[in-house]
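Please read this briefing alongside the sequence and the coordinates shown below.

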Amino acid sequence: MAEPRRQPSQTPNVAEFTVAELAFAIKRTLESGYGYVRLRGEISGFRGPHSSGHCYFSLKDDKAKIEAVIWRGVYQALRFKPQEGLEVVASGKITTYPGSSKYQIVIESLEPAGVGALMALLEERKRKLAAEGLFDEERKKPLPFLPRVVGIVTSPTGAVIRDMMHGFDERFPVHVIVWPVRVQGETSAREVAAAVAGFNALPEGGRIPRPDVLIVARGGGSLEDLWGFNEESVVRAVAASRIPVISAVGHETDWTLIDLVADARAPTPTKAAEWAVPKHSDLIERIGEREHRLRTSMARLLDGARDRFRAAARGLPRPTALVELPRQRLDDIGARLPRALHANKSGHAHRFAAISGKLSPLRLREQIRHRGARLEALGLKAATALQRIGNDRHRAFERVVRKLSLRPLQMRLGRAGERVADLGDRSQRAMRQVLASHQRALETQAKLLAALGYQAVLERGFALVRDSDGRMLRRAGGIAPGQLLEIEFRDGSVAAQTLSGASPPDTSPPDSAGSVSGGAEESSPAKTAAPPATRGRDRNPGDQGTLF
């Protein structure tokens with residue numbers, strides 16, 4: 001079948017582009033036609049910043065979708081961060097990405113699409129922080145009664161700081177430190193969080209005194225104006241503050257997330273100053289009231305103590321009544337004492353006279369004589385008993401002596417000697433058998449050593465090559481030119497030095513007298529560094545490696 005004839009090109013004069021040229025031409029056309037645009041849409045596919053810090057997501061509505069990019073530097077400077085599903089108004093440049101042939105918007109600023117979106121974002125952030133327990137009342141700290149130093153975080157040029165300083169003039173003397181920040185704009189949240197953290201970082205007793213209470217203040221404004229105080233960084237900085245914080249942001253009808261996390265929320269900045277430091281006149285009035293209450297309570301306490309003392313005094317008896325009865329008893333006993341002493345003396349005299357009649361020297365001598373006779377009788381009995389006991393013990397000892405004889409002991413010694421002689425013969429026979437067994441095992445091991453040792457290999461005409469450290473060399477590939485070697489033969493060892501490195505293996509048939517090492521004098525490229533001489537020493541077979 002004949003090949004069909006090709007038709008000539010219908011557009012022979014159309015310019016030919018490469019893929020890159022066409023992609024970059026489209027990029028320039030799109031950027032010149034849509035340089036800077038504001039685009040309203042819903043964020044889709046946002047998963048947070050990439051590892052590089054850039055953000056990639058999409059903006060969509062009910063009919064179309066466009067890719068979006070926020071570079072790292074722009075993302076860090078945004079007043080609030082993008083979130084999935086949030087409707088926003090993005091401002092930026094339209095461009096294309098030639099690598100995938102798609103167009104995208106490079107966002108330079110981002111703001112929510114209306115107050116409704118801001119409120120939705122605010123409610124979502126409020127629920128998130130409340131779930132972490134940052135708004136719990138248990139974690140809030142009490143305000144000090146008389147602070148020495150007050151730290152204020154606000155703008156140094158607004159009317160707020162002037163109103164607060166005017167309020168401090170009428171109050172208890174206090175040292176005020178102002179940390180200037182922007183209270184509106186993209187950097188407002190970052191500056192406020194840094195100010196709260198900076199006050200907490202001041203050391204105790206440092207050059208700059210550490211505040212006892214902090215006031216974060218700002219005048220009223222719209223939700224967008226107060227948005228910096230709704231940022232998560234500010235809320236977490238206030239929650240982490242070890243110094244009590246008073247929130248005074250906006251008017252009484254305004255509220256922000258910092259109001260919920262602060263230790264106290266003042267309706268206005270001026271009221272925050274009044275809460276932080278008490279008024280001087282109020283302190284004097286309160287001191288006067290406390291003094292009056294103290295005097296009244298002390299007087300009432302003294303009156304009550306006086307009444308109780310009088311009542312107790314009325315219940316006590318008179319001092320004379322306390323001693324009347326003991327005094328009467330003492331008089332009665334004093335009157336009876338002489339009669340009792342006389343009667344006691346008479347009774348003792350009668351008992352002494354009765355006893356003295358019974359006491360006589362003759363009676364005592366009779367008792368002594370009777371006791372002496374009894375003692376002599378007991379002595380005679382004791383001597384007789386001792387003599388009888390001694391005789392009994394002597395007769396028992398003689399019976400025991402007659403029973404003792406050397407013949408049983410001699411018989412036992414004879415039997416023990418025969419047993420010792422028998423055991424000696426048996427031990428000699430066992431020792432000879434053990435020695436014979438060990439000798440046969442030793443001969444077997446010696447034969448095995450002679451069969452497997454490297455000396456038997458040397459006896460067959462082989463040589464053992466070692467390096468200068470005594471390590472055995474198995475290959476010629478590891479030998480360097482000029483290396484010192486030690487070659488051991490059957491009848492001794494010689495020192496040698498190599499002339500060159502390893503050479504390719506010889507393919508010629510081996511000599512009939514060749515050995516495993518090739519014969520140290522024939523196949524080894526070495527020369528003797530000294531006259532061949534034996535070392536005059538034998539190596540221990542356990543000190544060398546095997547040849548197999």
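The model discussed here is predicted. The protein chain comprises 14 helices and 14 strands, and of its 548 residues 27% count as buried. Among the contacts in the protein chain with a separation of 6 or more, 65% are accounted for by residues 24 or more positions apart.

**The barrel**

- In the order S1-S2-S3-S5-S4, 5 strands close into a barrel, and the pairing within this barrel is mixed. On average, neighbouring strands of this sheet are turned by 55° against each other when direction is ignored.
- Strand S1 (residues 37-44) and strand S2 (residues 55-60) run antiparallel and are joined by 3 bridges. Within this pairing, glutamate 42 has lysine 60 of S2 as its bridge partner, while serine 44 stands opposite serine 58 in S2.
- S2 also runs antiparallel to strand S3 (residues 65-70), to which 6 bridges join it.
- As a general point, strands of a sheet pair through backbone hydrogen bonds, in either the parallel or the antiparallel sense.

**A helix across two strands**

- Helix H1 (residues 19-33) lies across strand S4 (87-97) and strand S5 (102-112), and the helix runs at about 140° to S4. Both S4 and S5 belong to the barrel order given above.

**The S11 and S12 pair**

- Strand S11 (residues 464-467) pairs with strand S12 (residues 484-489) in the antiparallel sense over 4 bridges. The bridge partner of leucine 464 in S12 is glutamate 488.
- Which residues of S11 point one way, and which the other? Leu464 and Arg466 point one way from the strand, whereas Val465 and Asp467 point the other way, and all of them are buried.
- In a regular strand, side chains alternate between the two faces of the sheet.

**The second largest pocket**

- The volume of the second largest pocket is about 310 Å³. Its lining is made up of 16 residues, of which Lys81, Arg125, Glu231, Glu232 and Ser233 lie nearest the centre of the pocket.
- By residue class, the lining of this pocket divides into 4 nonpolar, 3 polar and 9 charged residues.
- Helix H3 (115-131), helix H5 (188-201) and helix H6 (232-239) each supply at least two residues of that lining. H3 provides the largest share of the lining, with 4 residues.

**Threonine 256**

- Where is threonine 256 found? Threonine 256 sits in the loop between strand S9 (245-249) and helix H7 (257-261).
- Is threonine 256 buried or exposed? Because its relative accessible area is 1%, and buried means under 20%, threonine 256 counts as buried.
- When its neighbours within four places in sequence are left aside, threonine 256 is in contact with Leu226, Phe229, Asn230 and Val249.

Methods: Residues are numbered from 1 along each chain as its sequence is written. This is a predicted model: local features need pLDDT of at least 70, side-chain atom pairs count only at pLDDT 80 or more; totals for chains, interfaces and linings use all residues. Side-chain values use heavy atoms; hydrogens and water are left out. Buried means under 20% relative accessible area, exposed over 50%, partly exposed in between (1.4 Å probe, protein chains only). Two strands pair if DSSP finds at least two bridges between them. Axes are lines fitted to C-alpha atoms, for helices over the stretch in contact, and angles run from 0 to 180 degrees between N-to-C directions. Contact means heavy atoms within 4.5 Å. On a 1 Å grid over the protein atoms alone, a cavity is a set of points where a 1.4 Å probe fits but cannot get out, and a pocket is an open set with protein on both sides within 12 Å along at least five of seven lines; lining residues have an atom within 4 Å of a point. Grid points are joined across faces, edges and corners, and a volume is the space filled by probe spheres set on the points. Ala, Val, Leu, Ile, Met, Phe, Trp, Tyr, Cys and Pro count as nonpolar, Asp, Glu, Lys and Arg as charged, and the others, Gly among them, as polar.
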